[in-house]
Amino acid sequence: WQRFLCDDVFARMIFNNVRSLVKQTGGSKFLTEFGTCSQDGKNDSSTIECDTMLDYLDEYMDSWTFWGDNFYYSDGHIREDMVNGFARTYPRAIQGYPTQIKFNRHTAVFTMQYIADPRILEPTEIFIPLQHYPQGFVVKISPGLKWNFNKVNRILSIIYSSNSDQSENGYVVITKA
């Protein structure tokens with residue numbers, strides 16, 4: 001019951017309150033310094049806490065940065081288990097206005113819905129981390145969109161290619177190959 005109360009009730013209340021305050025003030029959101037949780041792949045309360053926070057950040061389409069020094073072992077080697085937990089598929093630019101963004105780190109399924117704006121000439125750019133798609137990936141997109149992938153910087157570029165002046169709903173689904 002404590003997890004339900006904290007994760008499903010209080011966390012949602014906090015995110016809704018912040019959304020409301022930003023709407024009132026006209027400001028923006030950026031979550032910093034949540035760094036006491038761990039994404040080491042263990043199914044313990046710390047990993048669950050991080051998963052919950054990252055899922056809410058996706059749902060509310062909030063920007064974030066993690067604060068912590070636990071990405072390295074004491075000998076200086078990278079902790080792949082931690083890096084894998086925070087390596088997420090995400091849009092770094094959107095040719096329109098997002099309406100939903102979701103990444104499931106357990107299945108590596110990324111979904112995004114947005115309103116494509118033909119007045120924006122630059123493409124949507126989605127970062128696709130190798131950690132989650134070592135055998136490649138499959139892209140499903142709505143009609144009117146075209147994509148290509150830059151293997152060097154791991155960026156999937158999607159362009160709205162309709163001749164229409166009207167904005168249209170677009171979607172992107174990325175899964176493991």
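One aromatic cluster is formed by Trp 64, Phe 66, Phe 71 and Phe 86. The structure is a predicted model, in which local features need pLDDT of at least 70 and side-chain atom pairs count only at pLDDT 80 or more, while totals for chains, interfaces and linings use all residues. Residues are numbered from 1 along each chain as its sequence is written, and side-chain values use heavy atoms, with hydrogens and water left out.

In total, 11 aromatic pairs are present (rings of Phe, Tyr and Trp, the last by its six-membered ring, with centres within 6.5 Å; stacked if the planes are under 30 degrees apart, edge-to-face if over 60, tilted for the rest). Phe 15 and Tyr 56 make a stacked pair, with 5.3 Å centre to centre and 15° between the planes. Because Phe 15 belongs to helix 1 (residues 2-25) and Tyr 56 to helix 2 (residues 45-59), this pair ties together parts that are 41 residues apart in sequence; helices are DSSP runs (H or I, at least four residues) numbered from the N terminus. Phe 15 and Tyr 56 are both buried (under 20% relative accessible area, with exposed over 50% and partly exposed in between; 1.4 Å probe, protein chains only).

An edge-to-face pair is formed by Tyr 133 and Phe 137, at 6.1 Å centre to centre and 75° between the planes. Tyr 133 has 2% relative accessibility and therefore counts as buried; Phe 137, at 18%, likewise counts as buried.

Val 18, found in helix 1, has 34% relative accessibility and so counts as partly exposed.

Methods
Helices (H or I, at least four residues) and strands (E, at least two) are DSSP runs, numbered from the N terminus.
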